[in-house]
Amino acid sequence: MDALDKAIVNHLQGGFPIVDRPYAEAAQALGTTEGDLLDRLASLLERGILSRFGPMYHAERLGGSLILTAMQVPDEDFERVAAIVNAMPAIAHNYERAHALNMWFVVATETPDEAQATLDAIAEETGYPVYPMPKLKEFFVGLRLEA
């Protein structure tokens, strides 16, 4: 990454203008053009430097549901279960942990009922219990990663 790429990554983590032409306004603050900013963001995504560029929404305030979920899956069946879980559109991400509960994923849906239906479908299709861990209290961390 060159200095402008780093400035883009650092600058856009702190907010994105909500205006008619947000990329133009962000580009002006960075001392570049709208087209250059869009090209650089596309390049950062293509090169895997950024895995995602987009807004973060508070799903529950919009009526949606986010549930951290865990499963205990035997090692010999892990890949089959992961394929079933990952094929569901409501799965935000899925990862393996070195723990008795070795598969963790987030179910993200437009409604709480859809979340429960997803959890039920996973349990039925995999044959294993699903352990939802709904959020009891929210903490705001404000993570920023400097490039």
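Trainee: How many salt bridges does a search of the whole structure find?
Mentor: This is a predicted model, with local features needing pLDDT of at least 70 and side-chain atom pairs pLDDT 80 or more, while totals for chains, interfaces and linings use all residues. Residues are numbered from 1 along each chain as its sequence is written, and side-chain values use heavy atoms, without hydrogens and water. A salt bridge needs a side-chain nitrogen of Lys or Arg within 4 Å of a carboxyl oxygen of Asp or Glu. For the whole structure, the number of salt bridges is eight.

Trainee: Which residue meets Arg40 in a salt bridge?
Mentor: The N to O distance between the two side chains is 3.0 Å. Arg40 lies in helix 3 and its partner in the segment before helix 1, so the pair ties together parts 38 residues apart in sequence. Helices here are DSSP runs (H or I, at least four residues), numbered from the N terminus. The partner of Arg40 is Asp2.

Trainee: At what angle do helix 2 and helix 3 pack?
Mentor: Helix 2 covers residues 22-30 and helix 3 covers residues 34-46, and their axes, lines fitted to C-alpha atoms over the stretch in contact, are 8 Å apart. The two helices are therefore roughly perpendicular (65 to 115 degrees, on a scale from 0 to 180 between N-to-C directions). The packing angle is about 95°.

Trainee: How many charged residues does the contact of helix 2 with helix 3 have?
Mentor: Tyr23, Ala24, Ala26, Ala27 and Leu30 of helix 2 meet Glu34, Leu37, Leu38 and Leu41 of helix 3, with contact set at heavy atoms within 4.5 Å. Eight of these residues are nonpolar and none is polar. Asp, Glu, Lys and Arg count as charged, and the number of charged residues in this contact is one.

Trainee: Roughly what angle do the axes of helix 1 and helix 3 make where they cross?
Mentor: These axes come within 11 Å, and the helices are therefore roughly perpendicular to each other. Leu4, Asp5, Ile8, Val9 and Leu12 of helix 1 meet Asp36, Leu37, Arg40, Leu41 and Leu44 of helix 3. By class, seven of the contact residues are nonpolar, none is polar and three are charged. The crossing angle is roughly 90°.

Methods: Parallel < 35°, antiparallel > 145°, perpendicular 65-115°, else oblique.
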